[in-house]
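Open the model in your viewer and keep the selection panel at hand. The stops below say what to select next and what is there.

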Amino acid sequence: MVRQVDSGAGPSGLCIGAVVPRTGRLAKLGDPLSFVLDRLAPRLSQPDRGSRRRPVRLAWRDSLSDPEAARRAVSELVHRERVQLVVTMAGTKVLPAVADACEEAGVACVTTTFPWQAFVHGRGGDPRRPFTWTYHFAWGLDDIAAVFAEMWEQLGTQHTVGCLWNDDLQGRLLRHAEHGFVPVAAGRGHRLVDPGGYQEPARDFTPSLDSFREQGADIVTSAATAEDLALFHRQARERGARPRLITCSRWLAYPRGSTLAELDRAGVATLVYWSPRHPYRSSLDGTTAARLAEEYEQRTGNRWLQPLGLAHALLEVAAHALATADDPHDRRSVADAVGRTRLSTTAGLLDWTSGPTPNVALVPLAGGQWKTGGHHGHELAVVANSHCPDVPVEADLTPAY
């Protein structure tokens, strides 16, 4: 499936390509990027007078939520649309497939919403030999551990924490002894109980629950899907297990009404990487985070989502690279421009010149917890901000009991 906004730039003009999951299991994850493409197409096609930017058209392909289809999407964007740069987000298997396809095709690529260790090490990368074409902005597994530990420590200084991690790439990286979640959490004095990975979708968490009980885990940390986390909570209640707090780094960025309501009483806390309260503005038109979220809700009828701010920043970075490249028609020049980018965006300051590793810019994290109330019935409130002081604390962390 093809969607293109014709800016009048013509086939030889500048083009940004996007790979978006419009169908398949990841389809809802594509909504923020689709919205941003529609929102920014007119502005990119007709830059303000006096701007360094040239007219840019946007084209996208559906990844079908499948890695191989995503690779084909990149090929079509490169060979048919003649794009100078590709953007994408979301999908633990689809995102790396897009990045790898861009690396092979020799076209600049910018991605987000994926811990940077997974972007680098999950693709067989080596910081001593940086990727040539692919760039990423997000947070690290170490950042997740630091924010989660900050929330755990609001309930006491040291805890025994049960680790509910899968047996796939995500789980393997979280438990990595060097660049995963484990060394940071353990280094702060917490004891981690890891009964081993489970397969997704999960059917029975009894082994994990037994291990957590035997080891005295009073907190559980996870990167589970919404369905698996809900299953864990139901089985825990049936067995009389009541963790004081559950921290989860994955599903809560995309809240689902019924599941969110079920887990509200579980005291689930999560990451906050973007919200309408973040004090950031678009580098393209000055739109605030609050206004962007408001527009999304008005136009789609859906509540704002954390990935919305990062989706907007993707296009900001892409447009900036084309505007600052020595030759925007030369793909090598565009990739080099991304690598030297330092830009204030709706996701905050993105700086590829001082990242934790080559090809990566960091997004700061706060800690949040879903609270009952507000316009949507549930609202995500910031409860810990040591690592993102730009965003004020809005509520106290509430344990499950």
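Helices and strands here are DSSP runs, numbered from the N terminus. The model is a predicted one.

**Stop 1: Thr 341**

Select Thr 341. Its place is the loop between α13 and β12 (342-345). Is Thr 341 buried or exposed? Thr 341 is buried, because its relative accessible area is 1%, and buried means under 20%. Now show what surrounds it. Leaving aside neighbours within four places in sequence, Thr 341 contacts His 320, Leu 350, Asp 351, Trp 352 and Thr 353.

**Stop 2: α12 and α13**

Select residues 307-324 for α12 and 331-339 for α13. The two helices pack with their axes 8 Å apart, at an angle of about 120 degrees. The crossing of α12 past α13 is right-handed. Show side chains at the contact. From α12 come Ala 321, Leu 322 and Thr 324; from α13 come Val 334, Ala 337 and Val 338. By type, the contact of α12 with α13 has five nonpolar residues, one polar and no charged.

**Stop 3**

Centre on Leu 85. Not counting residues up to four places away in sequence, Leu 85 touches Cys 15, Ile 16, Gly 17, Val 107, Ala 108, Val 110, Ala 318, Ala 321, Val 334 and Val 338. Three of these names, Ala 321, Val 334 and Val 338, also stand in the contact of α12 with α13.

**Stop 4: α1 and α11**

Select residues 31-45 for α1 and 289-300 for α11. Their axes come within 11 Å and cross at roughly 95 degrees. Angles of 65 to 115 degrees count as roughly perpendicular, and α1 and α11 are therefore roughly perpendicular to each other. On the α1 side, pick Asp 31, Pro 32, Phe 35 and Arg 39. They meet Leu 292, Glu 295, Tyr 296, Arg 299 and Thr 300 in α11. The residues of this contact divide into four nonpolar, one polar and four charged.

**Stop 5: backbone exceptions**

Most residues other than glycine have a negative phi, and most peptide bonds are trans. The next selections depart from that.

- Select Ser 65, in the loop between β3 (56-62) and α2 (67-79). Ser 65 is not a glycine, yet its phi is positive, about 60 degrees. Ser 65 is buried, with a relative accessible area of 7%.
- Select Ala 90, in the loop between β4 (85-89) and α3 (94-105). Its phi is also positive, near 75 degrees. Ala 90 is buried too, at a relative accessible area of 5%.
- Select Glu 200 and Pro 201. A cis peptide bond joins them, with omega about -5 degrees. Pro 201 sits in the loop between β8 (191-193) and α8 (206-215).

Notes: Residues are numbered from 1 along each chain as its sequence is written. This is a predicted model: local features need pLDDT of at least 70, side-chain atom pairs count only at pLDDT 80 or more; totals for chains, interfaces and linings use all residues. Side-chain values use heavy atoms; hydrogens and water are left out. Axes are lines fitted to C-alpha atoms, for helices over the stretch in contact, and angles run from 0 to 180 degrees between N-to-C directions. Helices (H or I, at least four residues) and strands (E, at least two) are DSSP runs, numbered from the N terminus. Angles under 35 degrees count as roughly parallel, over 145 as roughly antiparallel, 65 to 115 as roughly perpendicular and the rest as oblique. Contact means heavy atoms within 4.5 Å. Ala, Val, Leu, Ile, Met, Phe, Trp, Tyr, Cys and Pro count as nonpolar, Asp, Glu, Lys and Arg as charged, and the others, Gly among them, as polar. A crossing is left-handed if the near helix is turned anticlockwise from the far one by less than a right angle, and right-handed if clockwise. Buried means under 20% relative accessible area, exposed over 50%, partly exposed in between (1.4 Å probe, protein chains only).
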